[in-house]
Amino acid sequence: MTRDERPLSVVPALVWGVLMVALAGQIAWRTLQAPPAPQAEDLPPTPSTQALRLAGFGEPNALARVMMLYLQAFDSGSTNTQPYRRLDYGRLIGWLDAILALDPRSEYPLFTASRIYAEVQDTAKSRAMLEFIYREFFVDPDHRWQPLANAALLAKHRLHDLPLARRYAAAIDRYTRSPDVPLWARQMQIFILEDMNELEAARIMLGGLLASGQIKDPAEARFLAQRLKDLEGRMERAPHR
Amino acid sequence: MPAAILARLALIEARRGGLGWLALLALVLGVALAGFLSQLALTESRMLQAAVVAALLRVAAVFLIAGQVVASVRREIDDKRLELSLSLPFSRSTQYLARLGGFVALGALLAALFALPSLLWAQPLAVLCWAISLACELALVAAAALFFAMTLAQLVPALAATVALYLLARSIGAMQAMAAGPLAPDNLLQELARYALSAVALLLPSLDRITRTDWLLYGAPDGASFLSGIAGALLYAVLLAAAGVFDFQRRTA
């Protein structure tokens, strides 16, 4: 793969100059045009699942995961003190729904739904996301109980809606059949009713997940550990009730 | 076997043309990009890497093999080397199929190389199925590229036709699903379009059923679906090879 070439010194100075100026111009132009972090209002309407399948050229699994990275970039800028709160949750749920349709076995959409989008400080949006998780749980209860278990905790501790939390916990008990679903998850109704705070409940849940080997992905383990740490900090700062 | 010399020439030309370095570069870039994306993932980071690497390398392998076949054959024709080789004591069928054999072997080597990184994230059996399937897919692409390079007079139309056939074959299933979906209008025109699409689908391989990324994510496919998928791809490669030999027999020079 070699070719005969004349030395660099034979290239006229003018050509060198134009090349360097053009390269510098390109870099300067792109620096000025650095894309801003995607804002909440930039989230486009959900494309149809069929259109996404067409765009994926037979690679729905890869497309689903790349779309999740795309989706989680909206309204998540580092200067954003309340990320995701300004998102249009109707559209957001549509996107998560479409991604789940592309790869129903992926846990990513419901993981973000329960661990990120449902935790926003907006009761209506949080409820909408919890209902989405509850609805999707019935498609495959044995593999989608974890997001619903977290949804039950959120319903109790964030929304202070005990009947809703019990409904979610009861669904896990009633509809899961796999032996892989741990006993504590089936008996969630009990510790929903117990008088424990959010941190204790989260510790039990996360400890149970880690002990049972349900969390295998290192990124997920890191994320959940950080969440637990954040929760501990928040509980320490909060006035004791 | 003298015809094997022609097949070997295809491999030597690919090596001397730097295809191996290009393949390695694609592999490194694919793994690096997937590694970067996995850092952004909150969960399923390994699955994301496996899926992205597999999808990227599949496309890269197809592009490399199609480009190599079309460029090699067009150069052979333009340099009048094809005329020279026609004077050799081989039948035209042998000459055509020997060339194709070389390109198929090249595709198998690429498939083996591009399957290696998946061993980091997926079960060996699933990776083996994926690699065999990719080799069959590349055999089909090589057959298509050879056919179009021989029958179309220029490089760009030949490459465009190969890529168009490949993309259409990968998306025809989704198109059929869209045409038959509940949102499609129920009128005569739509009905005709649906039949036309079904007719086109009969002439295409279903590439969306082979070399599936979900094998790497969720486990190896069942034997029946795997074999039926690669049998379909090989059958189409045979069809393209037969069409190519048919056209090559009629070629004046």
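This is a predicted model: local features need pLDDT of at least 70, side-chain atom pairs count only at pLDDT 80 or more; totals for chains, interfaces and linings use all residues.
Is Ser72(B) buried or exposed?

**View 1. Ser72(B) in helix H3 of chain B.** Ser72(B) belongs to helix H3, which covers residues 45–78 of chain B. The residue is buried, because 23 other C-beta atoms lie within 10 Å and 20 or more are enough for that class. Apart from neighbours within four places in sequence, Ser72(B) is in contact with Ala10(B) and Glu13(B). Phe114(B) is 42 residues away along the chain, and its C-alpha atom is separated from that of Ser72(B) by 22 Å.

**View 2. Lys80(B) in the loop between H3 and H4 of chain B.** Lys80(B) is not a glycine, yet its phi is positive, near 65°. The residue sits in the loop that lies between H3 and H4 of chain B. Lys80(B) counts as exposed because it has 10 C-beta neighbours inside 10 Å, and the limit for that class is 12 or fewer.

**View 3. Glu83(B) in helix H4 of chain B.** Helix H4 of chain B, residues 81–86, holds Glu83(B). With 12 C-beta neighbours inside 10 Å, Glu83(B) is also classed as exposed. Glu83(B) and Thr252(B) are 169 residues apart along the chain, while their C-alpha atoms are separated by 9.3 Å.

**View 4. The packing of helices H5 and H10 of chain B.** Helix H5 consists of residues 92–115 and helix H10 of residues 223–250 of chain B. Their axes are 9 Å apart and the helices pack at an angle of about 135°, which means that H5(B) is oblique to H10(B). The crossing of H5(B) past H10(B) is right-handed. On H5(B), the contact is made by Arg92(B), Ser93(B), Tyr96(B), Leu97(B) and Leu100(B). On H10(B), the residues are Ala241(B), Gly244(B), Val245(B), Phe248(B) and Gln249(B). By type, the residues of this contact are 6 nonpolar, 3 polar and 1 charged.

**View 5. His160(A) in a loop of chain A.** The loop that holds His160(A) runs between helix H7 (145–157) and helix H8 (162–175) of chain A. His160(A) has a positive phi of about 55° although it is not a glycine. The residue counts as exposed, with 10 C-beta neighbours inside 10 Å.

**View 6. The two domains of chain A.** Domain 1 of chain A spans 42–105 and domain 2 spans 107–241. Their C-alpha centres lie 22 Å apart. In the contact between them, 13 residues of domain 1 meet 16 residues of domain 2. On the domain 1 side, helix H3 (60–72) and helix H4 (89–102) of chain A are the elements that give two or more residues. H4(A) provides the largest share of that side, 6 residues. The residues on the domain 1 side are 9 nonpolar, 2 polar and 2 charged.

**View 7. The contact of chain A with chain B.** Chain A brings 23 residues to this contact and chain B brings 30 residues. On the side of chain A, at least two residues each come from helix H2 (49–55), H3, helix H5 (108–115) and helix H12 (218–237). H3(A) gives the most to this side, with 5 residues. The chain A side divides into 11 nonpolar, 5 polar and 7 charged residues.

Definitions and conventions: Residues are numbered from 1 along each chain as its sequence is written. Chains are lettered from A and ligands numbered from 1 in the order in which they are written. Domain bounds come from an automatic or database domain assignment. Two residues are in contact if their C-beta atoms, placed from the backbone, lie within 7 Å. Helices (H or I, at least four residues) and strands (E, at least two) are DSSP runs, numbered from the N terminus. Ala, Val, Leu, Ile, Met, Phe, Trp, Tyr, Cys and Pro count as nonpolar, Asp, Glu, Lys and Arg as charged, and the others, Gly among them, as polar. Axes are lines fitted to C-alpha atoms, for helices over the stretch in contact, and angles run from 0 to 180 degrees between N-to-C directions. Angles under 35 degrees count as roughly parallel, over 145 as roughly antiparallel, 65 to 115 as roughly perpendicular and the rest as oblique. A crossing is left-handed if the near helix is turned anticlockwise from the far one by less than a right angle, and right-handed if clockwise.
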